[in-house]
Amino acid sequence: MLAEAEDVAARAQIKADGDAPAMVPSAGDLSYQVTGLSNGIAYNNGISTLTWRHDGISYDSKWYFYHVKIGEDTLRASGLITPQGLAPVTALQRTKADQSVRFDYSARRIRFTPGETDSELPAGGAWDRFSALIQLSALLAAAPERYPPGTAVRIALTGQGDVAPAAFAVEAEEPLAALNGKTLKTVRLVHRPTREGDPKIEVWLGPQIEYLPVRLRITQPNGDFAEHTVQQAVAVTVPFYQPPAQPSAPAAIAPAQ
């Protein structure tokens, strides 16, 4: 857990993002079939796993993917659960070139390693790529009527050593074949890159699995992509954090007669 001052700073920073309600999805384990293109070579037999854990106060989760043709591409993040959704504290993207991110709410800076660079933490906070997906889930789960097709969810998103505004356009509902043959209703959101070198991010969120991703597709500028489609989703029971009980005051001792 964070020191009290840092916890307070983080919650205040995220609260400044506005009054949009959020409903964080329950803890769960999800597995995905992965197809894609890497250096012009197609593959269709990959598996990735989303391990989503929180206790109502904080979260620590990861999305793991490994394929012999492209190696590892794992996202991991931890942070706080707030009424406005997620407040990330640390994040790691593990690929051929790892990058870690530290959100310093007291100093209002985002610190990147390697490179030892930092950026200003925007008012209202910012999200790493993994935390952003769960934040989108939480926003749509709490108030889907706020995000009809044609609107956009706007957040600050970390990239390779910096942070920038990102818009996830809400598109029409779309049924998808997932969960080993079932058809799930989904809402598709698309982030189209505005800067050179950034990927295109498409995510289909499913109301039937608490708006967690049914499908995720990341497309690189060179055309390489990875598309993850959920095949299994299992709820996991995680005890919610309970603050320690306050000690009761000692009983008064009656004066001697």
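## Ser-137 and its contacts

In this predicted model, Ser-137 is in contact with Met-23, Pro-25, Leu-205, Glu-210, Tyr-211, Leu-212 and Pro-213, once its neighbours within four places in sequence are set aside. The residue belongs to helix α2, which runs over residues 129-142. Its relative accessibility is 0%, so Ser-137 counts as buried.

## The largest nonpolar core

Helix α2 comes up again here. The largest nonpolar core holds 60 residues, and Val-153 and Leu-189 have the most contacts inside it. Of the contributors to this core, α2 gives the most, with nine residues.

## Thr-49 and strand β2

Thr-49 sits in strand β2, residues 41-52. Because its relative accessibility is 29%, Thr-49 counts as partly exposed.

Leaving out residues within four places in sequence, Thr-49 touches Leu-30, Ser-31, Lys-62, Trp-63 and Tyr-64. Take Tyr-64 as one of these: 15 residues along the chain lie between the positions of Thr-49 and Tyr-64, yet 5.3 Å separates their C-alpha atoms.

Tyr-66 is found in strand β3, which covers residues 58-67. With a relative accessibility of 43%, Tyr-66 counts as partly exposed.

Methods. Residues are numbered from 1 along each chain as its sequence is written. This is a predicted model: local features need pLDDT of at least 70, side-chain atom pairs count only at pLDDT 80 or more; totals for chains, interfaces and linings use all residues. Side-chain values use heavy atoms; hydrogens and water are left out. Helices (H or I, at least four residues) and strands (E, at least two) are DSSP runs, numbered from the N terminus. Buried means under 20% relative accessible area, exposed over 50%, partly exposed in between (1.4 Å probe, protein chains only). Contact means heavy atoms within 4.5 Å. A nonpolar core is a set of buried Ala, Val, Leu, Ile, Met, Phe, Trp, Tyr and Cys residues joined through side-chain atoms within 4.5 Å.
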